[in-house]
Amino acid sequence: MKTSLSSADLHESVISVPPLCRDAQLRPSAGENAKLIRHIEAGGVSTLLYGGNANFYNIAPGEYEAVLDQLEAAAAPDTLIVPSIGPYFGTAIEQAAILARKTFPTAMLLPTVAVSSPEGVRAAVLKIVEKLGRPIVLYIKDAGYVTLDVVKALVEAGAISWIKYAVVRADPAQDELLAGLVLEVDPALIVSGIGEQPAIVHWTKFGVRAFTSGCVCVAPRRSQELLRALQAGDLAQAEAIRERFTALENLRNAHGPIPVLHHAVAQAGIAQTGPMLPLLANLSDELIDEIHPAAEGLLAWNAA
């Protein structure tokens with residue numbers, strides 16, 4: 001596993017956001033997680049972020065360290081693994097203490113707006129970074145989670161390794177928060193965090209030069225080609241690639257991005273992801289039947 005982090009790492013690879021494979025008893029499955037990691041790496045993707053898709057929100061405190069060790073053992077030497085902590089402060093600070101003994105170069109704080117305020121987030125991040133001993137990823141998923149002043153202050157304090165920006169807009173080109181963010185902090189620190197769908201708009205209008213993806217877990221080679229097309233300025237090719245992801249992305253939008261991806265990885269035959277960890281639940285057999293052709297088609301396109 002790669003134990004250093006530079007800004008170049010954000011731009012060399014799509015940032016994949018995989019599910020976490022579990023067995024029938026909901027235990028993390030080392031073998032299946034390794035299969036999924038190898039599939040992603042084989043497509044040229046070298047950064048894996050374990051967050052919402054991996055349901056780190058609901059991970060048991062007692063299994064956290066074992067999951068970290070499992071992921072570290074499965075990763076190639078040049079693969080960057082970014083685990084998540086939180087979303088609640090008590091959980092995050094205890095997980096940060098565990099991570100402080102490890103060599104992961106950063107971790108992402110999962111967001112919550114239910115019991116947070118922007119100034120509270122600022123205080124939490126500073127305390128977590130002090131405990132961890134290294135900067136963390138700030139995940140902005142809701143417009144009211146932080147203010148521009150808070151983000152700027154945390155960046156200036158050296159507390160932020162990078163920012164995952166994932167506020168969903170009806171029109172991603174109309175985004176005052178992102179427009180302000182790229183003016184207040186270095187855009188090289190910002191990652192478009194909603195998959196291939198808004199990545200082109202975020203790239204062309206806001207100058208965001210990196211993106212996360214869930215569907216990259218099925219078609220890593222093709223998602224990486226989209227990144228290369230954007231870097232080459234070939235917007236027509238980038239759009240043509242992005243369009244091929246829409247069948248599975250539309251299902252994720254309609255039925256939940258986390259469970260649809262979880263089932264898609266299994267339906268494509270990449271790895272057995274197992275049952276969903278509560279508080280999430282498996283989708284119905286009818287919906288899984290809908291996911292199957294979209295997942296298989298995306299995998300076949302990846303191999304073509």
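**Entry 1: an arginine in a helix**

I started with R242, which counts as buried at 15% relative accessibility; buried means under 20% relative accessible area, exposed over 50% and partly exposed in between, with a 1.4 Å probe and protein chains only. A note for myself: this is a predicted model, where local features need pLDDT of at least 70 and side-chain atom pairs count only at pLDDT 80 or more, while totals for chains, interfaces and linings use all residues. Residues are numbered from 1 along each chain as its sequence is written, and side-chain values use heavy atoms, with hydrogens and water left out.

R242 lies in helix α10; helices (H or I, at least four residues) and strands (E, at least two) are DSSP runs, numbered from the N terminus. Which residues does R242 touch, not counting those up to four places away in sequence? I found E196, Q197, I200 and L226, where contact means heavy atoms within 4.5 Å. I also checked R242 against I291: they are 49 residues apart along the chain, and their C-alpha atoms are separated by 18 Å.

**Entry 2: helix α13**

I291 took me to α13, where it is one of the buried residues, along with L287, I288, A294, A295, L298, W301 and N302. Those buried residues pack against α2 (30–42), α9 (220–232), α10 (235–244), α11 (246–255) and α12 (257–267).

The expected span of a helix is 1.5 Å times one less than its number of residues. For the 19 residues of α13 (285–303) that should be 27 Å, and the end C-alpha atoms are 27 Å apart, which agrees.

**Entry 3: two helix pairs**

I then looked at how α11 and α12 meet. They pack at an angle of about 135°, with their axes 7 Å apart; axes are lines fitted to C-alpha atoms, for helices over the stretch in contact, and angles run from 0 to 180 degrees between N-to-C directions. The two are therefore oblique to each other; angles under 35 degrees count as roughly parallel, over 145 as roughly antiparallel, 65 to 115 as roughly perpendicular and the rest as oblique. On the α11 side the contact is made by L248, L251, R252 and H255, and on the α12 side by P257, I258, P259, V260, L261 and A264.

P118, E119, R122, V125 and L126 of α5 make the contact with V150, A153 and L154 of α6.

**Entry 4: the sheets**

How many strands form the open sheet that includes β6? I found 5, in the order β4-β5-β6-β7-β8, with parallel pairing; two strands pair if DSSP finds at least two bridges between them. The edge strands are β4 (84–85) and β8 (190–192), each pairing on one side only.

Within this sheet, 2 bridges join β5 (108–109) to β6, and 5 bridges join β6 to β7. L138 of β6 stands opposite L109, and its bridge partner in β7 is I163. M108 stands opposite V137.

Is β6 buried or exposed? In β6 (136–140), 5 of the 5 residues are buried, so the strand is largely enclosed by the rest of the structure. For β7 (160–165) the count is 6 of the 6, so β7 is largely enclosed as well.

I also noted an open sheet of 4 strands, ordered β3-β2-β1-β9, again with parallel pairing. Its edge strands are β3 (80–82) and β9 (212–213). In that sheet β1 (15–16) and β2 (47–49) pair over 2 bridges, and I15 stands opposite T47.

A reminder first: most residues other than glycine have a negative phi, and most peptide bonds are trans.

- A cis peptide bond joins G86 and P87, with omega about 15°; P87 is in the loop between β4 and α4 (89–99).
- Another cis peptide bond joins P278 and L279, with omega about 20°; L279 sits in the loop between α12 and α13.
- L26, in the loop between β1 and α2, has a positive phi of about 70°, and L26 is partly exposed at 27%.
- N55, in the loop between β2 and α3 (64–74), has a positive phi near 55°, and N55 counts as buried at 5% relative accessibility.
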